Amino acid sequence: MTVIESQSSSPAALLRAAAVVVLIAVGIFLPRLLRATSVVYSTLTTIAIFAVMCYGVDIVLSYLGEVSLGHTLFWAVGGYTAANLSVKYGLNGWSTAVVTIVLCIIGAGFLGAVTLRTREFVFSLVTYAAAVVAYEIAFNWDAIGGSDGIVGISALKLPFGFAAYVGGTQEELWPVAFALLLLTLAFIGRFRRSRLGTTALMVQMNPALAASLGVDPRKVRLAVFVISAPITGLAGWLYAYQRAYVGPDMFETYFLVMMLTAVVVVGRRVLVGPLTGTAILIAQQNLLSLGGDWNKIILGSVLALVLIFWPAGLIGLFRRFGKART
Amino acid sequence: MKKSIKLAVALLLGVSGPAMAQDIKVGTIFPLSGGAGPDGQSVTNAVKLAIEQINEKGGLLGRKIALVSKDDESTPAVGVSRANEMIAEKVDLVIEGWNSPVTLAMQPILARAGILDITAVSKSDLILSGETNPLAIRINSSNGFDAGIIAKYVVETLKAKKVAFLTQNDVYGNGFQTAVEAEFKKLNFTGEVMMTEKFAFKDTDFRVQLTNLKSANPDAVIVTNSSNSSGLPAMVEQYRQADLKSAFVGAVGIMLPTVFKVAGDANNGIVSADIYFWNLPPFDGIPESQSFVAAFKKAYGVEPDKSAALGAAALQVWARAVEATKSLDRKTVAEAIRGKTIKGTVFGDAQFLPNGQLQPRYVIFKVVDGKTAKLEALP
Amino acid sequence: MNVAQQIVNGLVLGSGYACIALGWTILLGVARLVNFAHGQLYMLGAFATWYAMVTLGLPYPLAILVAIVALAVLGALMQGAMMGLVMTQNLTSLMIVTLGLGYVLQGGSALIFGGNPQTLPGTLSRAKVDLGSLWFTWQDVLVLVATLALYGVVWLSTQKTRFGSVIRAVAEDPKLAELFGINAKVVYLLVFVFECSAVALGAALVAPRSPILTSMGFNEVIMTFVVVVLGGIGSIGGALMAGLGLGLFIAFFGAFLAQAYTTAAAFGVLLALLVVRPAGLSAR
């Protein structure tokens with residue numbers, strides 16, 4: 001999947017398009033197929049939101065080869081923007097989403113510029129430092145919520161001309177979450193084939209070749225990093241409406257570890273990788289929870305063992321299995 | 001297959017037996033692991049015991065009560081998951097809340113699902129603001145009330161002229177300090193607040209702040225530190241090591257058993273207040289409290305502390321309200337509690353304000369012997 | 001504002017930071033391995049010391065040794081598991097593996113040692129020293145002396161001994177070093193074991209200041225992070241200077257400005273430095 005995909009033949013493309021349509025239809029009606037209780041809706045919505053959150057980190061990891069430990073910053077920016085603007089100024093969903101995207105781009109621009117020449121662990125440490133500073137600011141700045149955060153975030157309002165879509169309950173938020181997930185998947189699918197995406201991959205795999213082709217690696221790095229930020233930011237935006245409460249806990253390692261695990265466990269540049277990873281994690285937490293301590297042991301072991309035996313992620317196992325059968 | 005997994009999980013989580021179809025289900029969500037794990041365990045144990053006491057007497061509305069206990073790991077996102085699980089379990093009541101952010105995250109979810117939610121310990125004022133849950137009920141005292149008794153002691157009993165604050169830097173600590181300063185105004189305090197030193201909840205080294213306080217040498221230092229497992233005991237010890245002569249006045253409710261256990265003798269002379277003591281008046285004269293204390297000691301080998309009392313009271317308040325209204329409906333039961341008085345809890349008569357806050361009865365104390373947690377009640 | 005006492009406070013805090021940071025900076029410098037389990041290893045070092053003193057009844061110095069040995073063994077096991085990734089220098093996966101192992105250590109310790117706070121009796125942390133109006137404890141003196149001694153020993157070994165040059169060769173270019181007959185695997189193993197032993201020593205000396213909990217973790221060692229990056233990754237002298245300097249900064253910032261914001265200030269300084277001198281952080 002690292003090769004630029006050539007034009008596939010007509011019937012295969014049609015088949016693929018049909019499959020996508022079917023999957024989308026199944027996705028929309030999935031909660032109803034699973035008995036449509038509010039818990040099912042909220043679990044699926046949570047999975048969708050967290051998956052979108054992970055895709056931001058996934059872009060940085062897959063296309064820059066770096067681990068960003070600062071994406072909780074953008075996640076929080078999304079949440080705090082939605083919370084503050086809707087509670088204090090009554091702005092609707094579109095406005096808060098636009099502000100989120102703008103703030104994330106600005107923030108990522110700054111952070112990206114700072115980390116332009118850093119690599120690997122220094123990059124990770126710097127992004128982590130940025131998240132820590134942002135946490136301290138959010139925790140201490142009472143005007144944007146302070147240590148207890150902002151409560152009472154009202155329902156999501158998305159006006160369409162005369163009518164408005166209101167997302168107050170989990171059932172109502174599911175279509176929005178699913179739409180956001182689909183948009184993200186489509187975006188990443190396109191990004192993969194785009195000039196920036198392929199160039200970024202080339203810079204990662206063969207910097208000398210890229211340089212000889214006149215590519216400026218720093219511009220590419222910055223662009224990819226800036227593009228990854230609003231994705232996580234929009235996930236945080238929707239999370240604020242789903243949970244109706246936003247606080248400095250948005251910076252907690254709980255979310256960071258989820259991002260890293262979901263992205264790494266399945267594998268890089270696998271389109272449904274982060275989605276699958278997120279679904280597995282949330283399923284374990286909700287259905288097979290054995291208490292906080294055992295959960296930590298399980299999560300840690302899975303993470304360590306998968307990466308030790310299949311450094312490229314579980315997809316490596318799948319591919320090897322697939323190869324063995326042919 | 002799924003049911004047996006659920007059963008195994010339930011047993012692992014310490015649920016008291018598989019719930020029968022006609023049992024009333026009560027859920028608890030507290031931290032059972034991590035830094036606040038032991039505290040959350042204590043509260044959950046108290047709720048469990050209170051349930052057993054009711055079941056022994058024939059149950060509630062002729063049915064037995066079953067407990068479903070879950071761990072929120074002090075993380076709001078996990079608490080939200082657990083709240084959703086409670087909804088799936090179709091519980092009739094959730095008793096929750098050690099950390100305020102976790103409570104604030106769970107409240108709207110439980111409220112939307114129409115499940116009655118009683119907050120046992122979390123102290124944030126936002127919990128009762130009505131925005132997260134219009135029918136909120138909280139057992140632990142609020143900063144506003146707490147400030148009154150501490151301010152009164154400092155101004156009228158101690159007659160301090162120079163006061164300093166050593167405050168935890170978050171909404172809880174800062175809120176308490178603001179409330180105390182407001183009380184000072186009401187009491188026409190003629191002295192001065194010399195300085196405020198702040199620290200983070202997770203801090204365990206306070207030399208820098210204590211050095212500043214020592215130089216200023218106030219008559220009293222009002223300390224607000226809710227890190228009962230590590231920060232506060234360390235602070236108490238370092239306070240003594242730094243040889244501060246100022247009186248150590250602790251905010252309401254911070255002197256929990258772990259502080260005595262860890263800091264021992266260093267606690268001697270500390271003055272603070274709390275809303276429940278199993279062995280001090282008026283609580284040692286309340287029959288419900290006495291029977292609860294005896295049963296708790298028998299079951300867990302130690303007397304219940306304030307946190308355990310909060311858990312038990314939450315259950316008892318709800319049970320009495322259910323008995324009185326013969327209903328499990330959230331609105332009916334909540335309205336039978338908010339603004340009303342419930343008799344027969346470990347706190348004696350539990351009087352609630354219209355906003356759901358239980359009115360506390362304070363006992364001011366001085367630590368006589370830190371090792372044995374021997375306290376002397378002050379008038 | 002007692003300046004002299006705050007200087008003492010700063011040195012006490014700083015020697016603690018430096019002590020805990022030494023292992024991490026060497027590991028980063030040599031193997032480029034970000035050990036996210038560092039905080040949990042610190043916690044385990046503290047609990048191993050506690051267990052040795054309270055359950056096994058050993059005196060404090062022996063308990064320190066027990067902690068060091070226990071963590072050295074643990075480190076060897078961990079590094080053995082990660083060796084494949086280390087040899088292929090798959091740094092991103094390594095980071096996450098250490099994160100996972102840290103989680104396992106945390107969950108496991110909570111199950112074994114329980115969630116209650118414990119104190120370490122029999123250390124010098126309650127033995128006060130009064131020098132005029134200044135105060136500190138003998139434990140603080142011990143930490144400072146041990147830190148300086150440790151740094152001295154490590155610096156001398158890396159600069160003066162053959163083993164030191166071997167380590168520096170592997171840090172510089174592992175493949176080239178292998179060509180010269182150096183067994184990089186052994187070097188990585190020893191460096192990781194050293195990191196674990198050093199953090200065990202640090203924990204045994206510093207943790208007695210306050211109650212220990214199995215939930216302790218990265219928060220306790222978060223300043224390590226700043227120390228390592230500020231001092232220059234892999235730089236031993238840098239880590240010592242940065243550690244002591246950071247301690248003094250925190251003491252004075254806290255004394256004259258606001259103690260509650262010291263973490264933000266430290267990280268803010270770090271970020272500012274990185275903006276100004278982004279490339280000038282690696283020892284190379």
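**Exercise 1.** In this predicted model, state how many residues the largest nonpolar core has and which of them have the most contacts inside it.

*Solution.* The largest nonpolar core has 199 residues. Those with the most contacts inside it are F50(A), M53(A), W75(A), L238(A), Y42(C), F225(C) and F267(C). Helix α2 (residues 38-64) of chain A gives the most to this core, namely 18 residues. Domain 1 (19-246) and domain 2 (253-326) of chain A both supply residues, so the core lies between them.

Next, take one residue from the list. Beyond its neighbours within four places in sequence, Y42(C) is in contact with residues including I20(C), V199(C), M216(C) and V221(C).

**Exercise 2.** Decide whether L101(C) is buried or exposed, and find what it touches.

*Solution.* First, locate the residue: L101(C) is in helix α4 (residues 91-113) of chain C. Its relative accessibility is 17%, and the cut-off for buried is under 20%, so L101(C) counts as buried. Then list the contacts, not counting residues up to four places away in sequence: G300(A), A304(A), M78(C) and M82(C). For M78(C), 23 residues apart from L101(C) along the chain, the C-alpha separation is 8.1 Å.

**Exercise 3.** Work out which strands of the five-stranded open sheet in chain B stand at its edges.

*Solution.* Write down the order: β2-β1-β3-β4-β5, with parallel pairing. β2 (65-71) and β5 (137-138) of chain B each have a single partner strand, so they stand at the edges. Finally, helix α2 (residues 37-56) of chain B lies across β1, β2 and β3 of chain B, at about 175 degrees to β2(B).

Note on methods:
Residues are numbered from 1 along each chain as its sequence is written. Chains are lettered from A and ligands numbered from 1 in the order in which they are written. This is a predicted model: local features need pLDDT of at least 70, side-chain atom pairs count only at pLDDT 80 or more; totals for chains, interfaces and linings use all residues. Side-chain values use heavy atoms; hydrogens and water are left out. A nonpolar core is a set of buried Ala, Val, Leu, Ile, Met, Phe, Trp, Tyr and Cys residues joined through side-chain atoms within 4.5 Å. Buried means under 20% relative accessible area, exposed over 50%, partly exposed in between (1.4 Å probe, protein chains only). Helices (H or I, at least four residues) and strands (E, at least two) are DSSP runs, numbered from the N terminus. Domain bounds come from an automatic or database domain assignment. Contact means heavy atoms within 4.5 Å. Two strands pair if DSSP finds at least two bridges between them. Axes are lines fitted to C-alpha atoms, for helices over the stretch in contact, and angles run from 0 to 180 degrees between N-to-C directions.
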